[in-house]
Amino acid sequence: MENGNRITIEDEQGTEKEYAIEALFDMNEEYYALLASDEDRILMRVVDGEGEDQYLVGIDDPEEAASILDAYQIALEADENEGTKRH
């Protein structure tokens, strides 16, 4: 369920928690959503469903998630550095 730039995620125990969509990005031909709440940040994979439906799926491998977040951070820093060089 979406509400502007916020989304409600239900965990495996059925507990719902609201997150802000911090970033949507692609890497290695996969799409990801970086979500943040007051307590934590999580990375989820965006998966296409039927038609135009999309779903968020948790990433079970912590090493994979850390690797993706590291690469995302490096890309952000490179973009920021490029932006400061232009000014």
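1. Helices (H or I, at least four residues) and strands (E, at least two) are DSSP runs, numbered from the N terminus. By this definition, glutamate 10 lies in strand β2, residues 6–10.

2. The model is predicted: local features need pLDDT of at least 70, side-chain atom pairs count only at pLDDT 80 or more, and totals for chains, interfaces and linings use all residues. Residues are numbered from 1 along each chain as its sequence is written, and side-chain values use heavy atoms, with hydrogens and water left out.

3. The protein chain contains one helix and six strands, arranged along the sequence as β-β-β-β-β-β-α. Of its 87 residues, 23% count as buried (under 20% relative accessible area; exposed is over 50%, partly exposed in between, with a 1.4 Å probe and protein chains only).

4. Strand β2 has Ile7 and Ile9 on a covered face, and Arg6, Thr8 and Glu10 on an uncovered one. Glutamate 10 counts as exposed because its relative accessibility is 52%.

5. β2 pairs with strand β3 (residues 16–27) in the antiparallel sense, over five bridges; pairing requires that DSSP finds at least two bridges between two strands. Isoleucine 9 has lysine 17 of β3 as its bridge partner. Five residues separate β2 and β3 in a hairpin, and glycine 14 in the turn has a positive phi of about 90 degrees.
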